[in-house]
Amino acid sequence: MAEHYLPARPGTVNWGQWDASLKPTLTIKSGDTVVMDTLSGEPEDMPDPALGFTPVPGQREVFENTFRGPGPHLLTGPVFVEGAEPGDVLEVRLKAISFRADWGWNIQMPFLGTLPEDFPTLRRIHFGVDGERGVATMPWGQELPLEPFFGNFGVAPAPEWGRLSSTEPRVFGGNMDNKELGVGSTIYFPVFAPGALFSAGDGHGRQGDGEVCLTAIETALTGTFEFHVRKDMTLTTPRAEKADTWITMAFDPDLDDAAKIALRDMIALIREMTDLSAQDAYTLCSLCADLRVTQTVDGNKGIHCVLPKRFLPVR
């Protein structure tokens, strides 16, 4: 299978939008691998040159030559995967992540975040990111270990949905902000448009569940993704797999409703893989699955349900 490289530059990056009408930047076959560069931050998020950080190649040119959509994220793509049709599933294996920047940023904004009534002022900070050492240095001197992942990635929405903001996570993926989806994870996206039209961005160096102040350690990453078209699967929402766990995900303005959706999908997954009844699967979830808050700041809140594979009974 072939390996491709997709740089982040004008013409390969879309700003703040998910839209099935966007022209593909690359066409690949099922089984191919793509190394994708991504960018992080809008013009106002760039660090003061006096801080001495290195500009990320291509970012200024993207700002100057790219349509600015309704959301804040810079998304590399879309990638057209031959053979992917609506109703299929796109299996995405995240093989590697590396850091493109020696800096990261974090922002708090009025009226946003989990506690907007407590923190009503704008605050934007920058700090060093050392990808080789695997640490970020906070402005107060503390070093935090890096655990990178992509906050915003997925496939195109259905064509009839039109242009959607990059802010909210939805059934096609998007701004999921799920820290579980790092290297070694496999994510399964329901396909809504021909070619699936995969994009990725919103690199995170580290994030807690909830992403409570609105942002994580935001930084530019390079990801290596392997793609497989699955015609033997049917999904309505994304789910993910790691070596030792299954993860179902849901997004809704109401956190309770998101929890119900994620739990129902986990019960369905258990029934697909075992001979358990729905009631037995519900009990198993109560005993062995964890409902975790993905994020509480992106309009549609997120819940992910995590079940260790060792608790699935053998069929």
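A word on the model comes first. It is predicted, so local features need pLDDT of at least 70 and side-chain atom pairs count only at pLDDT 80 or more, while totals for chains, interfaces and linings use all residues. Residues are numbered from 1 along each chain as its sequence is written, and side-chain values use heavy atoms, with hydrogens and water left out.

Let's start with the sheet. Its 9 strands run in the order β1-β5-β18-β7-β16-β19-β20-β22-β21, and this open sheet has mixed pairing. Strands (E, at least two residues) and helices (H or I, at least four) are DSSP runs numbered from the N terminus, and two strands pair if DSSP finds at least two bridges between them. At the edges are β1 (3–6) and β21 (290–295), each pairing on one side only. From one strand to the next, the twist averages 25°; angles run from 0 to 180 degrees between N-to-C directions, and axes are lines fitted to C-alpha atoms, for helices over the stretch in contact.

For a closer look, take strand β20 (residues 245–252) and strand β22 (residues 301–308), which pair in the antiparallel sense over 8 bridges. Methionine 249 has histidine 304 in β22 as its bridge partner. Helix α2 (residues 255–273) packs on the sheet and touches β19 (239–241), β20, β21 and β22, where contact means heavy atoms within 4.5 Å. The direction of α2 makes about 145° with that of β20.

Helix α2 also meets helix α3 (residues 278–288): their axes come within 9 Å and cross at roughly 120°. On the α2 side of this contact are Leu263, Met266, Ile267, Ile270 and Arg271, and on the α3 side Ala278, Ala281, Tyr282, Leu284 and Cys285. By class, the contact has 9 nonpolar, no polar and 1 charged residues. Here Ala, Val, Leu, Ile, Met, Phe, Trp, Tyr, Cys and Pro count as nonpolar, Asp, Glu, Lys and Arg as charged, and the others, Gly among them, as polar.

Two backbone details deserve a stop. Most residues other than glycine have a negative phi, and most peptide bonds are trans. The peptide bond from glycine 77 to proline 78, however, is cis, with omega near 5°, and proline 78 is found in strand β6 (residues 74–81). Glutamate 211, which is not a glycine, has a positive phi of about 45°; glutamate 211 is placed in the loop between β17 and β18 (221–230).

Now for the spaces. On a 1 Å grid over the protein atoms alone, a cavity is a set of points where a 1.4 Å probe fits but cannot get out, and a pocket is an open set with protein on both sides within 12 Å along at least five of seven lines; lining residues have an atom within 4 Å of a point. Points are joined across faces, edges and corners, and a volume is the space filled by probe spheres set on them.

The largest pocket has a volume of about 480 Å³. Of its 27 lining residues, Pro72, His73, Trp105, Leu214 and Thr215 are the closest to its centre. The second largest pocket, of about 330 Å³, is lined by 18 residues, with Asn106, Cys213, Thr215, Ala216 and Ile217 nearest its centre.

The largest cavity holds about 60 Å³ of space. Its lining includes Leu75 and Pro78, and β6 is one of the elements giving two or more residues to that lining.
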